Each structure stands twice: as structure tokens, then as C-alpha cells.
Amino acid sequence: MALLGSTRTRAFLRLLTSIGTGKTQETLKLLPFVVMAVVALIDFGSGPTAGLLPLLALGPAFASVACGLARTTAVGAIALALCVVLGLYNDILWTPRTNITMIAILGVTVASVLASAGRLRHERQLADVRSVAEAAQRVLLRPVPRRAGPGIGVAVSYTSATAEARIGGDLYEVVTTPHGVRIIVGDVQGKGLEAVETAAVVLGAFREAAHDERRLQGVVTRLENALTRELSGEQFVTAVLAEINGGSTIGVINCGHPPPMVLDAEGGRWFAEPPDEALPLGMGSLKAIDPVLYHVPFEPGDQVLFYTDGVIEARDGTGRFYPLAARAHLLNGADPQGSLDALRADLLRHVGRPLGDDAAMLLLRHRAAHETSSAA
């Protein structure tokens, strides 16, 4: 994980990502041969005065970007052979200029082979890092159940701003307990490994407290205590906790987090603002007001979307924020997960580039009676 946090490693992985696979990778593998062929053809047509032989060294240089050791060596050998052939053709084989060119090609080939070996070693290391990151993601952000009780559909979406890490400081969890279904969606201040570690603390404390505490306020207290032990300085975590226990409402506690968006069965949409502003988790020492439990209507046909600020603060090229409320109609599809995926795709289209912050969304859908019976 230390390697994952390395600036050099992230930059190298971004380079590999830009190189990509498939057609782009194959094009890069063919590029050394294309360059050498073009140089050879021009030199054949122009004669010895063109002075293009040194450009043959571009072949092994380009090969080190995408080719393996054997292919890079073969490209260097071909470049050296072409230099000899062109030297014989132009009757300049053993002249000082041609000799220097051959030495240069040989030197570039050796350097390219060494560079290719280093690149392959980094690729293997990064593949290991990716597997560790994916394992960490599975531990931290476990798959949530598709249903949270009778007639309640659940869907989640997570987009990390650090695409190569695949995990970040946003968190979510859905836990079925003797006290009902309990949910958390949160956002850790900051990014990188420190944010991931804090997210792990919050999720671990929530999974335990959600089962132990009878009241949702008790879960918040447990989270606050866990963060007080772990956090330092001015770090904090914004979070919204919710509880479903069979009624026609959802109990919500908001700790400095963006309010959930409610979509009712009649097509209305509004943001469920908390009655009182509460500080984020980890700032309990400031002795502010305690978070207040409030209730959000959740009738058959209603939906509630929990999200992090990476969604509503995502900007397009002109600096315009993502209009979440205006795009809420995308959540009206037949399947909750498909609807949320459509909203995520629209968010990425709006931004048009990698997100500047992690973006997590969790959708609850109270299926209407006819939907529940048909699904059964």
C-alpha cells in the first residue's frame, strides 16, 4: 500500500493507462518498424547526402515504450542491419559517420533493453498493487444487498478520483440488524491512503455499533468515540446515517453531510435538509449541538438518494456544477442499479474528464405493491 501512495508510482501508472491496451498497444509495438521502414525508404531514394542513418536509433528507442526484452533487442538488431545495408548501398559503410551511427544504435539498443526491463518490472509491481487495492476495496466497500427488507431495493455506485487506486475516502454500508436496516454514507476529509485508513475505522465501528446500539444516536456516539481515538489535528468525516424499520419513513441523522434527495411517487423531488446543522464526525470536542434524528417520508414508489459532495461539486469544462436535481429523472428506470448506473454515466459525461473528488451514491427504492409482486 505504501507503493500505491508513491507519487512516482501514480505518475508511472497514469503513463501506462494512457498507453492503454488493445489497438493502442499494438500500434505502439508496430511504431518502431514503421519508423525504421520510413527512414530506410527515404534514405534509399535520397542517397548518402540525406544523412538519415542516425534516425534508425528511433526504432529501439520507441520499442522500449511498449515491447518486451526480446522484441526490443530484435528491433535494435534490425536497425543495426539496416544501417549496414544502407551503408553498403551508399558506399559509406566504414566511414567515420557510419561507424558513429552504428555505435549510437548499439548504445540506444542497450539502453532501451534496460529501460524495457525496468518498465516490465514496474508493470508487475503495479499489477500486484492493483490486486491489493482491489482486495482492500472488497474489504472496505463490501457488496451491499440488493434488497433491504421487503420491497426495498438498494443500488450503489462508487467512482474514485484516484482511478488507479480504485478506492478512496468515500464510504457506504448497508447492515441488517435486530433494530432494522441501517445505512451509512460518508466522506472522509482528504484523499489518499490516510483517507482510506480513516474510512476503514468508520466502517469497522459502524458495522459493530449498528448491531449493538438500540438507537441510531448511539451508533453516532460510537463512531465519534472511534474517530476521537484515531484522528489527529483537524481531520473529520461527514456522514449521513439512516434507519429503516418497517414504517413509512426513514430515520436520518446528518453529521455535516449533503442532505439526501427524495423522489416521491408523484414525481416530486426535494432535499431532506436536517432540522439543525450538526458538525461532522471527529469534531465532537467542539461541544456543538448533538445530531438530531429526523424522519423522511418513504412510501411505496418513493426513492431516496444518498450521495457525497463529489457528485454535486463535479464541474464541467465551464465550471458549472452537476445539476443533480435536474437529472433525477434518470433514476426512474425499472431496475434501481441500472438507474443509478445511468446517473453515474451522466455525471461522467458532464465532467468530461476524471473526477476531481471521489463520488459515492446509494439509492433506496420503496417498490410499489405491483412491482414487489411481479418481482416475486
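**Labels and their cut-offs**

Analyst: Start with Pro 60: its relative accessibility is 0%, so Pro 60 counts as buried. Buried means under 20% relative accessible area, exposed over 50%, partly exposed in between (1.4 Å probe, protein chains only). This is a predicted model: local features need pLDDT of at least 70, side-chain atom pairs count only at pLDDT 80 or more, and totals for chains, interfaces and linings use all residues. Residues are numbered from 1 along each chain as its sequence is written, and side-chain values use heavy atoms, with hydrogens and water left out.

User: Where is Pro 60, and what is Pro 60 in contact with beyond its neighbours within four places in sequence?

Analyst: Pro 60 sits in helix H3 (residues 58–66). Helices (H or I, at least four residues) and strands (E, at least two) are DSSP runs, numbered from the N terminus. Contact means heavy atoms within 4.5 Å. Beyond those neighbours, the contacts of Pro 60 include Thr 72, Val 75 and Ser 112. Pro 60 and Thr 72 are twelve residues apart in sequence, yet their C-alphas are 5.9 Å apart.

User: How many aromatic pairs are there?

Analyst: The structure has three aromatic pairs. Rings of Phe, Tyr and Trp (its six-membered ring) pair if their centres lie within 6.5 Å; planes under 30 degrees apart count as stacked, over 60 as edge-to-face and the rest as tilted.

User: Why is the pair of Phe 44 and Tyr 89 called edge-to-face?

Analyst: The ring centres of Phe 44 and Tyr 89 are 4.7 Å apart and the planes stand at 75 degrees, so the pair is edge-to-face. Phe 44 lies in helix H2 (residues 23–46) and Tyr 89 in helix H4 (residues 69–89), so the pair ties together parts 45 residues apart in sequence.

User: What makes Phe 44 partly exposed?

Analyst: The relative accessible area of Phe 44 is 33%, so Phe 44 is partly exposed.

User: What is the angle between the planes of Tyr 158 and Tyr 172?

Analyst: The planes are at 50 degrees and the centres 6.4 Å apart, a tilted pair. Tyr 158 is in strand S1 (residues 152–159) and Tyr 172 in strand S2 (residues 170–177). Both Tyr 158 and Tyr 172 are buried.

User: What is the mean pLDDT of the protein chain?

Analyst: pLDDT is the predictor's confidence in each residue, from 0 to 100. The chain has a mean of 84. Over residues 1–21, pLDDT stays under 50. Where pLDDT is low, the predicted coordinates should not be read in detail.
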